[in-house]
Amino acid sequence: MPSQQSQQSQVSRTPARRRQRSTRLAVAVALLALGAVLVIGALASSSAGLTAVAAVVAVLAGAAATRITHSELMQARRDAARDRAVQAQEYRALTERRTAESAAFAADMRRKINEREEAIDVLERALSNAQKNAAEQTLKRGQEARRADAAERGRDEAERGRDDAEGRAAEAIVIVAELEAELDVLRAELDSLRAAAARRNHKSA
């Protein structure tokens, strides 16, 4: 805002300066023209006194025109120096503002970079823990798989042992039944023999 106001005031002063310069230069040119006209008129009249007066007036008009031109030149130099000083101040203020903006931008970028680095560090630690946990879980799963395989093999062996035991028990039951049948036959034969012996003893008595 200050730079814009100064630019507006500088723009508003420029036409006034130009009008003043044009007026002063016009006055200087008019004085020179007046002196030239007087000299030419005096020479045309061939009057020594009038020529002398015209010469003096021409010299004074030339001196006044030179003075006006010199003062205008010095004023133009002062105005140019003032404008350059104002422009330099505006550039310095603009440079300071841009420097502050650059510093703020750099600080913001450093803050964002630090935040990203911290987030990356956290993610890397989380990833390392997750990888470690995955490795442990994989190891445990392998151990459980081996235990399950061992248990399955043990179960298969137990089932085979049970089948064998059931087969042996069935064979033993069959053998017991056969032995009981043979025992019944032998008992029947023994009873027949005893009955025959008793009948024989009874007849012999």
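K112 is partly exposed, with a relative accessible area of 35%, where partly exposed lies between buried, under 20% relative accessible area, and exposed, over 50%, as found with a 1.4 Å probe on protein chains only. The model is predicted, so that local features need pLDDT of at least 70 and side-chain atom pairs count only at pLDDT 80 or more, whereas totals for chains, interfaces and linings use all residues. Residues are numbered from 1 along each chain as its sequence is written, and side-chain values use heavy atoms, with hydrogens and water left out.

The side chain of K112 meets that of D108 in a salt bridge of 3.3 Å, N to O, the term standing for a side-chain nitrogen of Lys or Arg within 4 Å of a carboxyl oxygen of Asp or Glu. K112 and D108 are four residues apart in helix 2 and are therefore separated by about one helical turn; helices here are DSSP runs of H or I with at least four residues, numbered from the N terminus.

D108 also forms a salt bridge with R111, at 2.4 Å from N to O, and these two residues, three apart in helix 2 (residues 48–204), are likewise separated by about one helical turn. Both partners are partly exposed, D108 with a relative accessible area of 24% and R111 with 40%. A network of salt bridges links D108, R111 and K112 with E115 and R116.

Elsewhere in helix 2, R147 and E144 are three residues apart, about one helical turn, and their closest N and O atoms lie 2.7 Å apart in a salt bridge. E144 is partly exposed, its relative accessible area being 47%. Across the whole structure, the search finds six salt bridges.
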